[in-house]
Amino acid sequence: MVSELSADRLAWRCPENWVPWKTLSEVEAARTIVGQDRAVDAIEFGLSARGVGFNVFVTGLSGTGRLTTIKRFLDEQAGDGPAPDDVCFVFNFDCPEHPRVLRLLAGEGVKLRRAMDQMIDELRENLPEILKSPEFRKRLDFALAALKRRELELTRAFETKVKASGFQLVQIQTGPVTRPEIYVTMGEEAIPVEDLDGQVEAGALDAEKMEELRKLHAALMEEMEQIFEQVSELRTQMQERVEQVQRSAIEPLLDVVVQRVRKAVTDERVGPYLDQVAADLRESTELFTGGDEEDGAGDPYLRWRINVAVDNSETRGHPVLMETEPSFANVFGTIERAVGPRGEGFTDFTRIRAGSLLRADGGYLVLNMDDLAFDARVWPALKRALKYGRVQIQSPETIVYGVAALKPQEVPLDVKVVIIGDRSSYDLLYRYDRDFPKIFKVLADFDSVMKPTADNSRDVLTVLAKVARDEGLLPLDSDGMAAMLELGVRLAGSRRRFSSRFSDLADCYREASYLAARDGREMAGRRDVRAAVEARDRRHGLSEEKTLEQIAENVIRVDTEGVAVGQLNGLAVYDLGHCRFGKPSRITARIGVGREGVINIERQAGLSGPTYDKGVQILTGFLRGTFAGRVPLTMACSITFEQSYGGVDGDSASSTEIYAILSALADVPLRQDVAVTGSVDQLGRVQAIGGVNEKIEGFFKVCSERGLTGSQGVMIPADNVADLQLAAEVVQAVEEGRFHVWSVRTVEEGIEHLTGLPAGERLEEGWTPESVFDRCQRRLEEMSRLMRQAGKGGGGENAEPSTSGEDGCERSGTGGQ
């Protein structure tokens, strides 16, 4: 039998002994995370565990303390211990296209960079001075004197011989260079040997003399080549002696400056690099003696610069990074490019930039799964980095075109990654990404609700006390604290739970404090909490207001008085994200002769979801099991949500649809002042649904707008009674007898309440006479007889009707409600 609920069963009231304090200021502020023991234990284990793959994936609704918990644990894990190594990129003297990685103790990277810069400055200043000094010039002249003397002797002797042979040694300009040539002396002039033919023709020289001169010229040219080879060898020896003298002069300075760098950096790992630097300096001293001109790539001393990509000199303990913009470059780093004076692009190892993954090396990196989805390259690269324990910094052209001017050495990684996401993302990745379970072995799942106990109520208040202390809010009085706990029950959607989405509770408290302060009160109370809830509902309630206006103006027809056959008010929940509200809708059923069974108009129109279609199949099973024991379920029954033009999903209207079908079959009118919600199983048991509070309040608002008659109300599943946390005006109306809430357990109880007739009991020969089920059975048997008489029904008498697949929720609403 339908049970009418009293007002005290419609909302949970906080027991007085749960709030023994006079004001919230007496409550100690929370020091730990409240209501998330499972998640806290998982995070503690995941952040402390060593080994490959013990990264943490955090799931749960926003506002449940996920980020707060992670920050707290990471702050504890960071500690005050030694910071991880600095990561430097240095020039690769063997293969310049592959810059090397140099790891040093925290702070040593900056020291190395500073010491190397000072070394370059010192060499730029002192090397030219050494080579210009009188002492160096004296040593150089002494070293070259014998060779220069020998060169002079060779050239003078050859010049004398040439002159004595009637020739002259001249320098001929050929383009940008000059070359020596031997000319024939003719009187006061010197002419090329090729012009001797002209002298013969002019009679100034006979042919025999010309041949003699040519032979002598050829011999002298051959000898000149030999002399020049000797001179070239002498000059090579001079250059070697110059280099030896320079080396002997500057090597002490090179040794001193390199040794000074070794003393500045205490990390022994810098030794092999400085050995290479010392060797390279000896081969590159001309860079310091040839002026400071820069080439197209900029700094001529670039090869000795230090790129400190990760500087942990100011880091205390393990680094903790929260990457809020996880683009590929931000996470994995990049190689920047510059533009030269002629517009050409260039890059070098000093332009390698570390990403957050490398900067978090030795510590922790926190990412948001939703943000990762914006760059499709990040997730595969992140998996590779965590799987193989290294990161490769790439330039943009490498990522896009697969080619690069630089390919830095890979950097080993030791980082713990924490990803904040939702449970659906975790489930999808775990199921379809085979690498995911290997690299994210720890799940920290935050619950959105907690049990409503005295201890938990105190924990909730400690969270609010912390918010009040941190933000300077007005304290709540005892009644205000009770109101906040009751709001927690409402947000949880059940009297059996508190909501652990403390951010929502804190937002309401902030607004209640504002309202109390605005009105000049020193504390916030129940009326301020209620006013804050109402203010928020009003801000977000335009859609609900417009919907109710359409119902009030009969644009959307909803009957709240009288009776009608085959028509009943169902209830749906519209969930827009920022607000949820209930809306009544007419559900109608029409019966005719045929074998189509239950025709789901929403499905035929492509507006139904799978859960709705399942609900229609279930109610068809109920009808079949109830009435098709002796004759086929021979009928054509169309059912629909009237004036519903959006998607419909969920099964919470399946009981309403059964009542409408039974009414149409039995030709029995249903009460229109009652709205109904609840799903059913094939045995006719009414089952719990979601959004029960919003649904009741939605129908109450429609009835209140038209004027409460005292007979109106909502019929809900008995299993939902414990979920009731109705608004104060609804509770007051029920208490005054102007509105009603009934609970029902079976379809039989519901149809009796809606029709005023007995549902009927099964007898040997049928159903209780003149009961609703008896009328339905007789109507079905009559339709079956008419079908046989008409010779219709290609499937025969025993053919099962087809079904087209229900609910009470718009597709934008919450499924299953």
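Which residues form the negative surface patch?

Analyst: This is a predicted model, where local features need pLDDT of at least 70, side-chain atom pairs count only at pLDDT 80 or more, and totals for chains, interfaces and linings use all residues. Residues are numbered from 1 along each chain as its sequence is written, and side-chain values use heavy atoms, with hydrogens and water left out.

Glu233, Glu240, Glu243, Glu283 and Glu286 form the negative patch. Patch members have over 30% relative accessible area and no salt bridge, and like charges are joined within 9 Å. A salt bridge here is a side-chain nitrogen of Lys or Arg within 4 Å of a carboxyl oxygen of Asp or Glu. Helix α6 (residues 207-264) gives the largest share, three residues. Helices are DSSP runs of H or I, at least four residues, numbered from the N terminus. Glu233 lies in helix α6. Glu233 counts as partly exposed because its relative accessibility is 45%; buried means under 20%, exposed over 50%, and partly exposed in between, with a 1.4 Å probe and protein chains only.

Next, Leu474. Leu474 sits in the loop between α16 (454-471) and α17 (478-492). Its C-alpha atom is 8.9 Å from that of Ser25, 449 residues apart along the chain. Beyond neighbours within four places in sequence, Leu474 contacts Tyr509, Ser513, Ala516, Ala517, Arg521 and Glu522. Contact means heavy atoms within 4.5 Å.

Last, Ser663. Helix α23 (residues 654-666) holds Ser663. Ser663 is buried, at 1% relative accessible area. Neighbours within four places aside, Ser663 contacts Ala564, Val565, Gly566, Val668, Pro669 and Leu670.

Definitions and conventions:
Patches are made of residues with over 30% relative accessible area and no salt bridge: like charges are joined within 9 Å, nonpolar side chains (Val, Leu, Ile, Met, Phe, Trp, Tyr) within 5 Å. Accessible areas come from the Shrake-Rupley method with a 1.4 Å probe; for residues, only the protein chains shown count as cover. Lys and Arg count as positive and Asp and Glu as negative; His and the chain ends are not counted. The place of a charge is taken as NZ of Lys, CZ of Arg, CG of Asp or CD of Glu. Helices (H or I, at least four residues) and strands (E, at least two) are DSSP runs, numbered from the N terminus.
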